[in-house]
Amino acid sequence: MSHDVNNSAPLELWGGLECTINRVSDQYFSQMERNGHRGRLEDIDRFASLGIKAVRYPVLWECTAPDGPESADWSWSDARLPRLRDLGVEPIAGLVHHGSGPRHTSLISPCFPEKLAEFAGAVARRYPWLTYYTPVNEPLTTARFSGLSGVWYPHAKSEEAFVRALMNQCRATVLAMRAIREVNPEAKLVQTDDLSRTYGTPEMAHLVEFFNERRWLSWDLLCGMVGPEHALWDFMLKSGADPEELQWLRDNPCPPDIIGVNYYITSERWLDHRVEGFPASHVHEYKGVKHADMETARVLANPTRGIGPLLGEVWERYKLPVAITEAHIDAHREDQMRWLREIWQAADAQRAAGADIRAVTVWALLGSFDWNCLVTACHGYYEPGPFDVRGAEPRPTAVADMMRRLSSGRELDHPVMRGSGWWHRPGRFLCQPVAAPAVTASLTERQQAKAPMPPILVAGASGALARAFAARCKARNLPCVLAGRDSMDATDPAAVERMIRQHRPWAIVNAAGARPPEPGMTEVGQTEEQYRAHVNGAVVLALAAARHGLPYQVFSSTAVLAGVEGRRDEAATPVPLDAFGRCQAEAERRVLGANPQALIVRSGQFFSADGDVGLLGRALAALREGKPVALPPDLTLAPSYLPDLVDACLDLAVDGERGIWHLANHAGVAAIDLVSRAAMLLGLGAMLVQHEVDEVDVAPVLETRRGALLPTLDYALARFAAASQAAAVERRSAPRAGRG
């Protein structure tokens, strides 16, 4: 980590571990319990492998000394902090991360500042070599969630509680750094907060101005800048701030050694008085003013200029070193990479313009859980980071490779980097787009010229799986070419070679091949000859991908494991019981022999709103016609919702993954239960699903060690039902051909 202002030195890459321990009522939500880091010392080596110079790392008050420093348990930090130092990674010690302290205190308790300072002093005495500290992460944001919106403990909803929480956190930071510097006079404060910016219609000017002043409050208070001349002095007094407290902060400034700015797609907001044009979920009232509040990317016709100008504002306001301390977007893999690229380029551009920008921090190294509901419940919503923790051990993603390239100065040459992120694409809007030329840049101004992005070649154009690939690739700005038998016979090496030379794909997906006959439904089975052609085509494509150095994906199914007794995960030896399963098992064996870098995806029964796909689709079609559906009571499925399956496959392709993966929304559910649940959601009358027993013992048919990448079945069925109903409405409203 650099110490002096020197913009000729390279921009540094830092990392951050999501370590929030927030409190909701009397329940604590710990990210480190959920991402597994509390029990994995070897993660430290993984972090160091990324080439980061520093890491935002927890020494959390609630975990280490919940009953006071005298009974602190330092064993966890003792094992990790020195290991970071030994590997050349500077820890930035975080003491409170969106928390409210141990149970005996809270953000609005009078004792909070002194108690945190007591703990901070104990940390410094335990680790006198630690230099960088963040005593309280995002004081302003935490005060808003805990004191204004009531989301987190102590669940207050007033300006008075917001100001009290903010003042307490800022005073705690000053006292904590004072206690730390009594041990280590060279200790540095890295003070983080959200780097927000608000825009709006002229009618919202007063509220826009207020929000744009409020965003600076935590840094202004620490810098001793809040006096009678401050724009929010009167607001602070009216909201219960004691003039003597404000004067104390002014007399005891503790300016950050590095201002840490956290920037998300939600950091820039648009306020609009025309609430009727916005979803109800985005309509709010504040200070008696009803308004719509939405992230600019979802409403403005052209995107804002992004983080670059905001970094310039921070530099001009404080003239203190700046680091981007959280850079992350909840998106598919290619857009995570595109977002990081934009952040990195903006930081470099501001450095070139003279701002002292030190680093970009990739957040979060092990991903994060349930931030889509502000960590108020455990729904299992996971956002991967450089490592994905959903398997037996953390798996590096393409973001990890990108970090290693950034830290070593290598070119960012992944083909998907040539595309623009969703926040630039036409499909980003959640309402009628608003033109605001005074505050936005043109799309061409933001986008650098890029070479055309090569496509993904998808074999099997006529199938539901291939159609799903086409739809998801379009949504994700990933060009693809569908190849059916009319344009490419996958069993003909010459035809495959011509197609590759013509389109120059960066990856090949084999979505061809018959699905197995579906138990419980009448279907014409495929012949042995057709199965054999599927095997030959899979091998020809595998060899072509190996020859051209391209990622290759091919699909298999639960049929290869039908006879397996015991755990049916990726390590299980195939035991097929029918001709289809035997051919798929042969295809797997020959593909991996021909191309060890290939990725084989085993899935269960497909379902999709795109036609009557799979057993579920045909069962629902029968129910729509009022026909009963009879299913064997012991029939167990591992259903895969096609949009989810394809999204996971595309992420794995971007990551360059190989080997066998099991992908399904559920490891094993009774077919009766699956059809009944879907029918209920669609209002089709589950009573028409005939079965002989009320409860069925279900054993998993497709377990995984590598990672449960697909969302839950309940979430998949809810989206399937919504998409099916929307498709039905579209079909009914479509014009019908008639006689002229």
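Visitor: How many cavities of 30 Å³ or more does a search of the whole structure find?

Guide: The search finds 5 of them. Please keep in mind as we go that this is a predicted model.

Visitor: Which residues lie nearest the centre of the largest cavity?

Guide: They are A327, H328, Q336, W363 and V399, from a lining of 13 residues. Helix α13 (333-352) and strand β14 (357-363) each supply at least two residues of that lining. The largest share, 3 residues, comes from α13.

Visitor: How many residues of the lining are nonpolar, polar or charged?

Guide: The lining has 10 nonpolar residues, 3 polar ones and no charged ones.

Visitor: What is the order of the strands in the closed barrel?

Guide: The barrel has 8 strands, running β1-β4-β5-β6-β7-β9-β13-β14, with parallel pairing. Neighbouring strands are turned by 25° against each other on average, direction ignored.

Visitor: How do you know that β7 and β9 pair?

Guide: Two strands pair if there are at least two bridges between them. Strand β7 (residues 188-194) and strand β9 (residues 258-263) have 5 bridges, so they count as a parallel pair.

Visitor: What is the strand order of the open sheet?

Guide: The open sheet has 6 strands in the order β20-β19-β21-β22-β23-β28, with parallel pairing.

Visitor: Why are β20 and β28 said to stand at the edges?

Guide: Strands β20 (480-483) and β28 (659-663) each have a single partner strand, so one side of each is left without a neighbour in the sheet. The twist averages 20° from one strand to the next.

Visitor: What makes β21 and β22 a pair?

Guide: The test asks for at least two bridges. Strand β21 (residues 507-510) and strand β22 (residues 552-557) are joined by 3 and run parallel, so they pass. Here N510 stands opposite V554 in β22. Helix α19 (residues 579-594) packs on this sheet, touching β22, β23 (599-603) and β28.

Visitor: Why is the contact of R126 with D78 called a salt bridge?

Guide: The label needs a side-chain nitrogen of Lys or Arg within 4 Å of a carboxyl oxygen of Asp or Glu. The closest N and O atoms of R126 and D78 are 2.5 Å apart, so the label applies. R126 is in helix α5 (residues 112-126) and D78 in helix α4 (residues 75-86), 48 residues apart. The structure holds 49 salt bridges.

Visitor: Which peptide bond next to P154 is cis?

Guide: The bond from Y153 to P154 is cis, with omega near 10°. P154 is found in the loop between α6 (139-148) and α7 (159-183). The bond from W363 to A364 is also cis, with omega near -5°. Most peptide bonds are trans.

Terms used. Residues numbered from 1 in each chain as written. Predicted model: local features only at pLDDT ≥ 70, side-chain atom pairs only at ≥ 80, totals over all residues. Heavy atoms only, no water. Helix = DSSP H or I, 4+ residues; strand = E, 2+ residues; numbered from the N terminus. Axes fitted to C-alpha atoms, helices over the stretch in contact; angles between N-to-C directions. Contact = heavy atoms within 4.5 Å. 1 Å grid on protein atoms, 1.4 Å probe; cavity = no way out; pocket = protein on both sides within 12 Å on 5 of 7 lines; lining within 4 Å. Points joined across faces, edges and corners; volume = space filled by probe spheres on them. Nonpolar A, V, L, I, M, F, W, Y, C, P; charged D, E, K, R; others polar.
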